Amino acid sequence: MPSTALNCFSPFEYLSPEELRTIHAGALEILVDVGSDLHHAEARALLEDAGATVDDRRVFLTLPLVEQALTTAPAQVVIYDRDGNAAMDLSGRNAYFGTGSDCIYLLDSFTGERRVFAERDMIDAVRLCDALPHVDFLMSMGMLNRVSAEESCQRQYANLVKYSNKPQVIIAHDATCLDDIVELAAAAVPGGREELRQKPRFVLYTEPTSPLLHSFESIDKLLYAAAHGVPTNYAPGMMAGATGPVTPAGALTLATAEILFGLVLHQLKSPGAPFVFGAGMSNIDMQSMQPSYASPEAMMAQAGLCELGRNLYRLPTWGFAGCSASKLADTQAINEAATYIFMAGLTGSNLNHDLGYLEFGLTYSFDLLVMANESVGQLRRIMDGLPLTRETMALDAIREVGPGGHYLANDHTLEHYRENWFPDVTDRNTFERWTELGATTMEERCKAKIKLILDEPPVAYNEQVINDVLEKITEKDD
């Protein structure tokens, strides 16, 4: 399994232990005194039997219920690739990066057109992600135009598993759809559903509705995931100032309460089931009335949630990275995307999605995805730290070269040069050499990289088996 742990001596910590406990106390006050609306009869009965107070659809938790859930939820979740190899260790400060889901539009890399995302685009996107070394996991990236809502999630997953070996984060409309996806995943592995339970290939993304509303569909998926050992988060998609408090501290506190409510239900259903802690809290821009992707306040709130999850609750963590409010894969886009990537890496958030998002998640960009892949590579090299040994300190080489010499032909240089980070689409040439090579911009080099990957013929894994299962699912739904 590739190691992505941050090895520098003093990684970033945004909140003190006392501040984390203060936020936790505020979240408990909300859960116990304010309550949450729960639109799921089985879940209400489960909580009432465990000691919660239920008044029609309003549920008030108790402190022991929260404490018990935090005791049983595991501190580590390992996600595997399609071949059954451990690919992501969601624990500690391991930081993994992947794409987002369900953009409506694609910003075409070669025509510049912002057009409706189609299934052909998704297949290209998956193939591109599979070829980029610092994209660790995949989400669907786009909605499938002209595919019914009843089939879209299943078709999305079929494309993910056919065209990439990498693990996934999935979405599902409801528990039936989720079971269909599990069936598709089981068809792609030798051991079927039991192997999936032992070696999960994906994490389910599901969320409550802020503020403090838990819909039937979200809870039904959460309970299914707990019962079947499917790792899941329960991540509020809050817009601070609209569906949550405008202050980062207020948004963070409310989100913590909403996640803990989901965790309590999840652990009551199946103690020890795998759960990932995190949320999205982009603040509303009062001019555009849109969420401010990659705003400083969103990153502040994510840092706090990450530290709550890791340091106080001992849970794997969920976050954002590589996304932008820009409409183009331009300077604004890579500035916002790279800042978010480095913030996620510095805080040590485990599972960071949305690489390649433009326009608040409405539009997907292959170009920004390639740029973000470059930024993640830089981050990982920087956070590798400096191992101090006689060899890495080059003491023997320094002795050998002595004063006034050079290191170009020294054995130490030859042995260690390739440990440095090498860029993919970043240019390091002189002006003259850069001009000779065509005087290309970063954007042009990204397009060339995309074309190089997509010009290769697509290879689908286990295509007939997966298509047969997909056809049976479609017939069943009809």
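**Note on loops, cavity and pocket**

1. Pro211 sits in the loop that runs between β10 (202-204) and β11 (213-214). The model discussed here is a predicted one, and the points below should be read with that in mind. The peptide bond between Ser210 and Pro211 is cis, with omega at about 0 degrees. Most peptide bonds are trans.

2. Two residues deserve a look for their backbone angles. Most residues other than glycine have a negative phi. Met141 is not a glycine, yet its phi is positive, at about 70 degrees. Met141 belongs to the loop between α4 (119-131) and α5. Is Met141 buried or exposed? Its relative accessibility is 0%, so Met141 counts as buried.

3. Glu359 is also not a glycine and has a positive phi, of about 55 degrees. The loop that holds Glu359 lies between β19 (357-358) and β20 (363-364). The relative accessibility of Glu359 is 11%, and because buried means under 20%, Glu359 counts as buried.

4. Helix α5 contains Lys162. Lys162 counts as buried because its relative accessibility is 7%, and the cut-off for buried is under 20%. Between Lys162 and Asp124 there are 12 Å in space, taken from C-alpha to C-alpha, and the two residues are 38 apart in sequence.

5. Lys166 is in the loop between α5 and β9. Lys166 is buried and has no salt bridge. Which side chain of opposite charge is nearest to Lys166? That side chain is Asp130, 5.3 Å away. What the side chain of Lys166 does reach is the backbone oxygen of Cys129, at 2.7 Å.

6. Rolling a probe the size of a water molecule over the atoms shows where empty space is left. How many cavities of 30 Å³ or more are there? The count is 1. The largest cavity holds about 60 Å³ of space.

7. The lining of the largest cavity includes Ser101, Met139, Ser140, Cys153, Gln156 and Tyr157. Leu160, Val169, Ile170, Ile171 and Ile181 are also part of this lining. By class, 8 of the lining residues are nonpolar, 3 are polar and none is charged. At least two residues of the lining come from α5 (149-163), and at least two from β9 (168-170). The element that gives the most is α5, with 4 residues.

8. The open space is a separate matter. The largest pocket has a volume of about 650 Å³. Its lining is made of 26 residues, and those nearest the centre of the pocket are Tyr205, Glu207, Gly237, Tyr293 and Tyr357. In the lining of the largest pocket, 14 residues are nonpolar, 8 are polar and 4 are charged.

9. Which elements each supply at least two residues of the lining of the largest pocket? They are the helix α8 (216-228) and the strands β13 (237-240), β15 (280-285) and β18 (351-355).

Terms used: Residues numbered from 1 in each chain as written. Predicted model: local features only at pLDDT ≥ 70, side-chain atom pairs only at ≥ 80, totals over all residues. Heavy atoms only, no water. 1 Å grid on protein atoms, 1.4 Å probe; cavity = no way out; pocket = protein on both sides within 12 Å on 5 of 7 lines; lining within 4 Å. Points joined across faces, edges and corners; volume = space filled by probe spheres on them. Nonpolar A, V, L, I, M, F, W, Y, C, P; charged D, E, K, R; others polar. Buried < 20%, exposed > 50% of the residue type's maximum accessible area, 1.4 Å probe, protein only. Lys, Arg positive; Asp, Glu negative; His and termini not counted. Salt bridge = Lys/Arg side-chain N within 4 Å of Asp/Glu carboxyl O. Polar contact = N/O pair within 3.5 Å; in protein donor to acceptor, adjacent residues only side chain to side chain.
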